[in-house]
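Open the model in a viewer and keep the selection tool ready. The stops below say what to select next and what is there.

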Amino acid sequence: MDNTLNQAEVEKIEHDLLNHITHRKKVHNIWLGFLLLVIAIGIFAYYRQLRYGLIVTSMRDYTSWGVYISNFVFFVAISLVGSLVSSILKLSKAEWSTPLTRLSEVIAIASIICAAIIIIVDMGRPDRFINVLIYGRIQSPIIWDVIIIATYLGLSVLLLYTSLIPDLAICRDKLTTVPKWQQKLYRILAMNWKGTPKQNAILLQISTILSITIIPVAFAIHTVTSWLFSTTWRPGWDSTNLGPYFVSGALMAGAAVIVIAMYFLRKSLFLKEYITLSHFDNMGKLLVLLSLVYLYFNINEYLGPAFKMVGVEGEHITELFTGKYAAMYWLVQIGGLILPIVVLIFKKARTPFPLMVVSFMVILGAWFKRYIIVIPSLQHPYLPIQDVDESYLHYIPSWEEWAITLASFGGVLFIITLLLRLFPLIPISETIHEKSAKNSAS
Amino acid sequence: MKKTVNNRRSFIQFGLTSGALMLAGATAFFQKIKTTSASTEKVKVLTTDGKVMEVDKAHVNEPCHPVSRTLARQGIKGKKFVMVVDLSRCRNARKCISSCEKAHNIPHDRPFIKVLRMQDNEESSPYWMPKKCFHCDNPPCVKVCPVGATYKRSDGIVLVDNERCIGCRFCMSACPYSARVFNWGEPEKPENYNCAYSPETSTPSKIGTVEKCDFCPDMIRENKLPHCITSCPNGVLYFGDKLSDSVTNGDETVRLSEMLRDKGGYRYLEELGTEPNVYYLPPVNRLFPFKEMDENDVSQSEI
Ligand code: SF4
């Protein structure tokens, strides 16, 4: 590199950004221990489910999909963030987003892995998972989903890995105090990276191809997930709007997740110099834009049916607007969508703490929104629900379902934490590169 | 443990192929059965050489259904099964439900048949509508099943293979008629039922898999009518072959096309394009005035 940055500056950047790998704080271990505990409780709940069957959940005939499926949709949504930041923003030359790319890729990988696990948890016969490979019918939207999730996971891992290679080489060269196995890991993964012009050219080409291909795949993963619903006749699902509605909601939730991660990591990993106030300001603006798009699709989704109020579709709308689910529905729509748009228009709100709080509301809203999409629809079939036990008419998730759902959050955080223990959160070589480019420009 | 069960099953299947009611003779058989028998009730049976004998009831087995899972995918050649439900005759006797439960060893909480109280609008009078799987020609459940555990046969019947089902419940979400039920927990083992599983009998049920009305292909193969048809005291349900254009409720046999034409036959939610094979005759000129369900009726037939 023909640095316009001097050696000391480069070393400072390297030191700062590797710091969180070499210096572990006790609180991080406690955090990992806590996550393991949450996961362990979830595993115990799942053990009960394996033993007694899905009867331990509150799902029954009629409400035959519950919080597992809505949580699955949530995590698929979150996983779109990887492509949002590291492809869409990167390709649109939004340079400010560079420090956020790795974070978004890590979050994407963690949540797609957990989404895949949740879908297996939802199966009545997980022992027969192999049937999906033996007897898979390409006509079934579930098979489409399996294919696209596997593809997206593969691409995301590649995207993360290729962008990591130069940094892995730095880790290999600089981190001589870490345990032997870790040094070996860096050595193997860095694949003899020397930063020669030829290597750089190849890497640039690969990462450009990857970040372009991942966009349609990311859109597909959530569109296909929406088709699991829109290929049926259920009220609320029987809609041609569902694909873009899901995708736009996912991008909004993804942006909010990034903000929350930024807020906490910046503090706990001492990265205030690299994740700056302008990042928060920019993410805040992005969040408003994405929320507005989502609002547009929301209006499309509900206005037509609410205007016509046809049969079961009308019953479903009534249930959401004024019935059993009204409180949840309006909290989600106002607290998780309208309010964030209004609040974030003000510059003051786009500073770290308020933005983090608003993002939290968006995430909470996004989670419950999926609950509202999945569950009430199942409770309004064409034929009346009669002759069944009282418990079939309601659905309140059992403790096992909550424990497993919480464990899935624990799992996502666990994977993120582990990855951040091994790899630099902020792309080092890119940071150096950009800084020197800026210096030479000025 | 599992092995003995399988041995017993295959033994019984072997015995069945002789086609007659089984009479416990061989010592090995006695030994197998003795372990499970506790009853002292006697029944008369006819041996293969024509003699009448009295034996312990526990030693007599219902004939097992011989159709394998592979054969059960093919359907009965040259047939296309249909059902007609005459709503003007139904008075919610619920005998179809109980006979179906008995035949398929299913508990009350996941019936294959429901009798629904329907009312099309405020002005018209309510009526009872027996509803089971419609065995659609364009079945949403078959389309969505990821593993082909639910399938459509050449004779029009839609079946579930509970040894292939992965329990994803997509078919339950897809079915607009809520025809499917799920084994959320471990189903109770049917008593004295030693036959192997076949999708044609839907018995025994398995945990984590889906089930529904199967049109009783095991009965049809023996030239008998499905259990619900014969158990209805009011002749509401007709069953037959569309290709030979005849349906029967056990008492009378009629031309399907004539019946549908003359009585205004229709299919429920025709507009969904699922092409059901169950037709309804409208609840006009009723045999019984509508009576709300009596608590006692329910307790008798349901609990
Ligand atoms: S629950 Fe079973 S039968 Fe139904 S779609 Fe899933 S695998 Fe097929």
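Begin at the end of helix α8 of chain A: α8(A) is followed by A:Met191, whose phi is positive, near 45°. Helices (H or I, at least four residues) and strands (E, at least two) are DSSP runs, numbered from the N terminus. This is a predicted model, in which local features need pLDDT of at least 70 and side-chain atom pairs count only at pLDDT 80 or more, while totals for chains, interfaces and linings use all residues. Residues are numbered from 1 along each chain as its sequence is written, chains are lettered from A and ligands numbered from 1 in the order in which they are written, and side-chain values use heavy atoms, with hydrogens and water left out.

Now select the helix itself, residues 180-190 of chain A. Its buried residues are A:Gln182, A:Tyr186 and A:Ala190. Seen down the axis of α8(A), they fall within an arc of 60°, so they line one face of the helix; the arc is that of the directions from the helix axis to the C-beta atoms. On the other side of α8(A), look for the exposed residues A:Lys180, A:Trp181 and A:Ile188. Buried means under 20% relative accessible area, exposed over 50%, and partly exposed in between (1.4 Å probe, protein chains only). The partners of the buried residues of α8(A) are α1 (7-22), α7 (141-174) and α15 (399-422) of chain A.

Next, select A:Glu14, in helix α1 of chain A. A:Glu14 counts as buried, at 10% relative accessibility. Not counting residues up to four places away in sequence, A:Glu14 touches A:Ile170, A:Lys174, A:Ile428 and A:Ile432, where contact means heavy atoms within 4.5 Å. With the side chain of A:Lys174, the side chain of A:Glu14 makes a polar contact (2.8 Å). A polar contact is a pair of N or O atoms within 3.5 Å; within protein, one must be able to donate a hydrogen and the other to accept it, and residues adjacent in sequence count only if both atoms are side-chain atoms.

Move on to A:Thr232, in the loop between α9 (197-230) and α10 (242-268) of chain A. What does A:Thr232 touch, not counting residues up to four places away in sequence? The list is A:Trp237, A:Asp238, B:Phe170, B:Ser173 and B:Ala174. A:Thr232 is buried, with a relative accessible area of 3%.

Show both chains to see the interface. Here 50 residues of chain B are in contact with 40 residues of chain A. The area buried between the two chains is about 3,600 Å², and carbon and sulfur atoms give 56% of that area; buried area is the accessible area (1.4 Å probe) that two parts lose on being put together, summed over both. Select B:Ile166, B:Phe170 and B:Trp184, which supply 21% of the area that chain B buries against chain A, more than any other three residues. Then find the salt bridge of B:Arg169 with A:Asp122, whose closest N and O atoms are 2.7 Å apart. A salt bridge is a side-chain nitrogen of Lys or Arg within 4 Å of a carboxyl oxygen of Asp or Glu.

Finish inside chain B. B:Arg89 and B:Glu252 form a salt bridge, with the closest N and O atoms 3.3 Å apart. B:Arg89 lies in the loop between β3 (81-86) and α3 (95-104) of chain B and B:Glu252 in the loop between β11 (246-248) and β12 (253-255) of chain B, so the pair ties together parts that are 163 residues apart in sequence.
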